[in-house]
Amino acid sequence: MATANKICSLRRRIYRFTASVSGVIALLVILWGCTANDFNAGAIAWKTYKNSRYGFEFPYPSNWTSSAAPANGDGIAFILPQDNSVEIRGWASHEFPNSIVTEQEPLKKIKSNFQTAQGLSGVMVVEVDKDIGSMTLTLTQSQVKYCWQGRSKSQKFQDYYHLFYYIAHQYRISKS
């Protein structure tokens, strides 16, 4: 019985080690792909989406197709024609004043970690799980929350990271 426990314990240790090493390797592969410098924005034909309701804009590759814009005019999504799992989207909404937020809905305060070419500070969050990778930019100005997101399947996220980053960096809000 002691021998069986030792074998099971050893198997668990090997499994944990293998799982942790494979997780680290996967993370390193993703980060390596995200740091590769092979992105050339000048090689892409661009169009600009402009939202008249909230006054924001961002570039997108001219060959991407737009989804149907919502009736409320809060934003849009663009999809890569060859792979509809790759998309970019921008939207905005009015923020509720702090007095309306209840204790059950705590405000998440994350310090700005990103600056657009326009000089606007915001929060950039990059998440990669086993299925989906995403890059989400959030900016808040004058009681309006502006969001931009690029997403793809996680195994292809490294291929789109620089494109997503470039678009997020070019995101603009009109001066009103």
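Trainee: How many residues sit between strand 4 and strand 5 in their hairpin?
Mentor: Two residues lie between strand 4 and strand 5 in that hairpin. Strands here are DSSP runs of E, at least two residues long, and helices are runs of H or I of at least four, all numbered from the N terminus. Before we go on: this is a predicted model, where local features need pLDDT of at least 70, side-chain atom pairs count only at pLDDT 80 or more, and totals for chains, interfaces and linings use all residues. Residues are numbered from 1 along each chain as its sequence is written, and side-chain values use heavy atoms, with hydrogens and water left out.

Trainee: How many bridges join strand 4 and strand 5?
Mentor: Six, with strand 4 (residues 75-80) and strand 5 (residues 83-94) in the antiparallel sense. Two strands count as paired if DSSP finds at least two bridges between them. Isoleucine 76 has glycine 90 of strand 5 as its bridge partner. Glycine 75 is bridged to tryptophan 91 in strand 5.

Trainee: What about the other neighbour, strand 3: how many bridges does strand 3 share with strand 4?
Mentor: Two bridges, again antiparallel. Serine 66 has phenylalanine 78 of strand 4 as its bridge partner.

Trainee: Is strand 4 mostly covered or uncovered?
Mentor: Mostly covered: five of its six residues are buried. Buried means under 20% relative accessible area, exposed means over 50%, and partly exposed is in between (1.4 Å probe, protein chains only).

Trainee: Zoom out. What is the strand order in the open sheet of seven strands?
Mentor: The order is 3-4-5-9-8-7-6, with antiparallel pairing. Strand 3 (65-66) and strand 6 (114-115) are the edges, and each pairs on one side only. Helix 2 (residues 157-170) packs on this sheet, and among the strands it touches are strand 4, strand 5 and strand 9 (144-153). The direction of helix 2 makes about 160 degrees with that of strand 9. Axes are lines fitted to C-alpha atoms, for helices over the stretch in contact, and angles run from 0 to 180 degrees between N-to-C directions.

Trainee: And the three-strand sheet: which strands stand at its edges?
Mentor: The order there is 1-2-10, with antiparallel pairing. Strand 1 (46-51) and strand 10 (172-173) each have a single partner strand, so one side of each lacks a neighbour in the sheet. Strand 1 and strand 2 are joined by six bridges. Helix 2 lies across strand 1, strand 2 and strand 10, at about 150 degrees to strand 2.

Trainee: Switching to single residues. Is proline 59 buried or exposed?
Mentor: Buried, because its relative accessibility is 11%. Proline 59 lies in strand 2 (residues 56-61). Setting aside residues up to four places away in sequence, proline 59 touches Trp46, Lys47, Thr48, Ile167 and Gln170. Contact means heavy atoms within 4.5 Å.

Trainee: Which element gives the largest share of the largest nonpolar core?
Mentor: That core has 30 residues, and those with the most contacts inside it include Phe56, Phe58, Tyr146 and Phe164. The largest share, seven residues, comes from helix 2. A nonpolar core is a set of buried Ala, Val, Leu, Ile, Met, Phe, Trp, Tyr and Cys residues joined through side-chain atoms within 4.5 Å.

Trainee: How many aromatic pairs turn up?
Mentor: A search of the whole structure finds 16. Tyrosine 49 and phenylalanine 78 form an edge-to-face pair, 6.1 Å centre to centre with 70 degrees between the planes. Tyrosine 49 is in strand 1 and phenylalanine 78 in strand 4, so the pair ties together parts 29 residues apart in sequence. Phenylalanine 56 and phenylalanine 58 are stacked, at 6.5 Å and 5 degrees. Rings of Phe, Tyr and Trp (its six-membered ring) pair if their centres lie within 6.5 Å; planes under 30 degrees apart count as stacked, over 60 as edge-to-face and the rest as tilted.

Trainee: Last one. Which element has the lowest mean pLDDT?
Mentor: Helix 1 (residues 2-35), at 49, while strand 2 has the highest at 98. pLDDT is the predictor's confidence in each residue, from 0 to 100. It stays under 50 over residues 18-36, and also over residues 103-107. Where pLDDT is low, the predicted coordinates should not be read in detail.
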